[in-house]
Amino acid sequence: MSFHARIEKRLTEKFGKGAFTLKNKSHLHEGHAGHDGSGDSHFLIFLDKNAVQNLSRIECHRMINVLLDDFYKEGLHSVSLRLVDDVQ
């Protein structure tokens, strides 16, 4: 299963459907160090602020990094996080 599918599954289990949007940004890193050519290595998460309303931005990043830690150990290179009012 791809990192994209696995990240989406993990985020859905944690926050529920509709609380986030996951975008694959791997194509923007072709030729860069850390890009493995798989097209499945760099992601951007848009997360609804209401899903984490009691956490600071730094705490949210830490939580996502812990949530996806095993994927990083398997070769996931980068995940960016943006907290938004509307994930649409």
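The buried residues of H2 (buried meaning under 20% relative accessible area, with a 1.4 Å probe and protein chains only) pack against H1, S2, H3 and strand S3 (78–84). Packing here comes down to contact, that is, heavy atoms within 4.5 Å. The model is a predicted one, in which local features need pLDDT of at least 70 and side-chain atom pairs count only at pLDDT 80 or more, while totals for chains, interfaces and linings use all residues. Residues are numbered from 1 along each chain as its sequence is written, and side-chain values use heavy atoms, with hydrogens and water left out.

As for the overall layout, the chain has three helices and three strands, and from the N terminus on they come in the order α-β-β-α-α-β. These elements are DSSP runs numbered from the N terminus, with helices being H or I of at least four residues and strands E of at least two. Of the 88 residues in the chain, 33% count as buried. Among contacts between residues at least 6 apart in sequence, 63% join residues at least 24 apart.

Back to H2. Its buried residues are Cys60, Met63, Ile64 and Leu67. Looking down the axis of H2, these fall within an arc of 95°, so they line one face of the helix; the arc is that of the directions from the helix axis to the C-beta atoms.

H1 takes up residues 3–15, and its 13 residues reach 18 Å from the first C-alpha to the last, close to the 18 Å expected at 1.5 Å a residue. That expected span is 1.5 Å times one less than the number of residues. Buried in H1 are Phe3, Ile7, Leu11 and Phe15. They cover an arc of only 70° around the axis, which puts them on the same side of H1. Their cover includes strand S1 (20–24), strand S2 (42–48), helix H2 (57–67) and helix H3 (69–73). Just after H1 comes Gly16, with a positive phi of about 90°.

So how do H1 and H2 meet, and at what angle do they pack? The angle is about 125°, with the axes 11 Å apart. Axes are lines fitted to C-alpha atoms, for helices over the stretch in contact, and angles run from 0 to 180 degrees between N-to-C directions. H1 and H2 are therefore oblique to each other, oblique being whatever is left once angles under 35 degrees count as roughly parallel, over 145 as roughly antiparallel and 65 to 115 as roughly perpendicular. On the H1 side, Arg10, Leu11, Lys14 and Phe15 meet Met63, Ile64 and Leu67 of H2.

Note on methods. Buried < 20%, exposed > 50% of the residue type's maximum accessible area, 1.4 Å probe, protein only.
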